[in-house]
Amino acid sequence: MLTITSDINDVKQEVLRQVAKLAFEGTLEEKRDDIPYEMLPGPKATFRCCVYREREIIRQRIRLAEGKYPAAGLHNHNIVQVLDSACAECPIQRYVVTDNCQKCLGKKCMNACKFGAISIGRDKAYIDPDKCKECGKCAQSCPYNAISDHQRPCKKSCPVNAISTDENGIVTIDDEKCIHCGACIKNCPFGALSDISFIVPIIKAILKKKPVYAMVAPAAEGQFGKDVTMGDLREALIALGFTDMYEVALGADLTAESEGKEWMEALEHGEKKTTSCCPAFVGMIRRHFPHLTDLISTTVSPMAATSRYIKALHPDAVTVFIGPCVAKKSEVLDEKVEGNADYVLTLKELSAMLDAREIQVTPSGSHLQQGSIYGRHFAHAGGVTEAVLQSLKENGADESVSVCRANGAKECKKALMLLKSGRLPEAFVEGMACEGGCVNGPGSLLQEAESKKTRDLLQSQMDDRRIIDTVNDCESQCSYKMHR
């Protein structure tokens, strides 16, 4: 019997592990329906109101783990999905009057409400949820701060206002607004939002002996424990069934070189440019600032650059990006980027696959470095700018260009508003939707602060190769494209 706690991550990881285990065994089709009962034998509930609801949540998670939508018949083509069986515990009424209410004679809350939603009861004021429009004027006017804002964490964390609720209080996501950043996934306290997984097709490709290559993001460094190197991770991935592993720091060097050339060309024409590495930032531009789309760098992301390089060397390769980013899953579905990665795994999904095969990632002293330290710095906010400026320096160009380093979705939005209005003083914008950069992505195993010490130690041991060294080495081996 499996042991399940009420921790959201435990439930998510156990479902992924069970699905991966059965997929590797080739018995997923016949045994998937047994998973909810093995995880939750009942009759007592473990983390929700009843075991029947808990099992339905597990069933919907199994569908996501298989790459399906959580409910049959749902086809909205969004990587981020809502599990309606899990989304019913948040307060539906946003503004609530607390016991701090003094029933004051001024009745400022009533006077501020333009919809007649507030009345004064025997003990305190009352807000009629059927009339309330959630404008917040009552909370702003109350002199005792007696009106509490119970905005849902998912909605509050969404930087582009893509989340609302239906008539049943269940969250809905506006696909036209969503930038797939995963902030809602990270902040939902009930685990009611999650992302579709590519675990099953990746395992099937491995079992069919296809040449499946792992591409590990710089942000993975330090995520698997103390002293675990990229070389150690490579050995674990090969044991899992991957043909080989490449560092995406290699592709980051290629991206830095290409974007550096674009920046210089833009400067000559008096134009501004934005980076193209963070898919959530690019999505924000395309969906919310479409007039700025032409300013997005045409250089492909490090993920796409690495994939193109691998496929140039190995034409039959199946490439799988591994990192903490959920938005990368939407990027692989972007048909405009030819030769991009075929699949994406978050670090949490990779961990579940390793657990399913009982493979430990342990420090063995194995060394692997395929890019410069600047390529690895793409993982944190400001790292892209650092790498591009270094590339300009190595090529003898003027690296004293002004760059707005937008750290987090709020800063990205602010920078784009200034750019749209013509009031952005800097020539270029580096945008990272996750605060701190990719190292704080929603698919991380550890928070950035937990992995920083190990990551800094490992990076201190890197050699001093230059960005141009990586570029020259790649160009000597094969021909590849760096633009869309």
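**View 1. Fifteen residues line the second largest cavity of this predicted model.** Cys101, Lys103, Cys104, Cys109 and Cys142 lie nearest the centre of this cavity. The space inside is about 130 Å³. A search of the whole structure finds 6 cavities of 30 Å³ or more.

**View 2. Lys103 has a positive phi.** The angle is about 50 degrees, although Lys103 is not a glycine. Where does Lys103 lie? It sits in the loop between strand 2 (95-97) and helix 5 (108-112). Lys103 counts as partly exposed because its relative accessibility is 36%. This residue also belongs to the group nearest the centre of the second largest cavity.

**View 3. Ser119 lies in strand 3.** The strand covers residues 118-120. Ser119 has 35% relative accessibility, so it counts as partly exposed. Which residues does Ser119 touch, leaving aside those up to four places away in sequence? The contacts are Met110, Ala125 and Tyr126. Cys109 is 10 residues from Ser119 in sequence. In space, the two are 9.1 Å apart, C-alpha to C-alpha. Cys109 is one of the residues nearest the centre of the second largest cavity.

**View 4. The largest cavity holds about 310 Å³ of space.** Its lining has 26 residues, and the closest to the centre are Cys277, Pro279, Cys325, Lys328 and Cys438. Which elements give two or more residues to this lining? They are helix 12 (279-288), helix 13 (302-313), strand 12 and helix 14. By class, the lining has 23 nonpolar, 2 polar and 1 charged residues. Rolling a probe the size of a water molecule over the atoms shows where empty space is left.

**View 5. Strand 12 is buried on both faces.** Of its 6 residues, 6 are buried. In a regular strand the side chains alternate between the two faces of the sheet. Which residues of strand 12 belong to each side? Val318, Val320 and Ile322 are on one side. Thr319, Phe321 and Gly323 are on the other. Strand 12 is also among the elements that give two or more residues to the lining of the largest cavity.

**View 6. Strand 12 pairs with strand 9 and with strand 13.** Strand 9 (residues 212-216) and strand 12 run parallel, joined by 5 bridges. Val212 has Val318 as its bridge partner in strand 12. How many bridges join strand 12 (residues 318-323) to strand 13 (residues 343-346)? There are 4, and these strands run parallel too. Phe321 stands opposite Val344 in strand 13. Strands of a sheet pair through backbone hydrogen bonds, either parallel or antiparallel.

**View 7. A right-handed β-α-β unit is built from strand 12, helix 14 and strand 13.** Helix 14 covers residues 327-332. Lys328 is one of the residues closest to the centre of the largest cavity. Helix 14 gives two or more residues to the lining of that cavity.

View 8. Asn407 has Met432 as its bridge partner in strand 15.

**View 9. A cis peptide bond joins Gly42 and Pro43.** What is omega at this bond? The angle is about 0 degrees. Pro43 lies in a loop, with helix 3 (35-39) on one side and helix 4 (51-65) on the other.

**View 10. Glu358 has a positive phi without being a glycine.** The angle is about 55 degrees. Glu358 is found in the loop between helix 15 (347-356) and helix 16 (373-376). Is Glu358 buried or exposed? Its relative accessible area is 71%, so Glu358 is exposed. The cut-off for exposed is over 50%.

Conventions: Residues numbered from 1 in each chain as written. Predicted model: local features only at pLDDT ≥ 70, side-chain atom pairs only at ≥ 80, totals over all residues. Heavy atoms only, no water. Pairing = 2+ DSSP bridges. Right-handed = clockwise from strand over helix to strand, strands pointing away. 1 Å grid on protein atoms, 1.4 Å probe; cavity = no way out; pocket = protein on both sides within 12 Å on 5 of 7 lines; lining within 4 Å. Points joined across faces, edges and corners; volume = space filled by probe spheres on them. Nonpolar A, V, L, I, M, F, W, Y, C, P; charged D, E, K, R; others polar. Buried < 20%, exposed > 50% of the residue type's maximum accessible area, 1.4 Å probe, protein only. Contact = heavy atoms within 4.5 Å.
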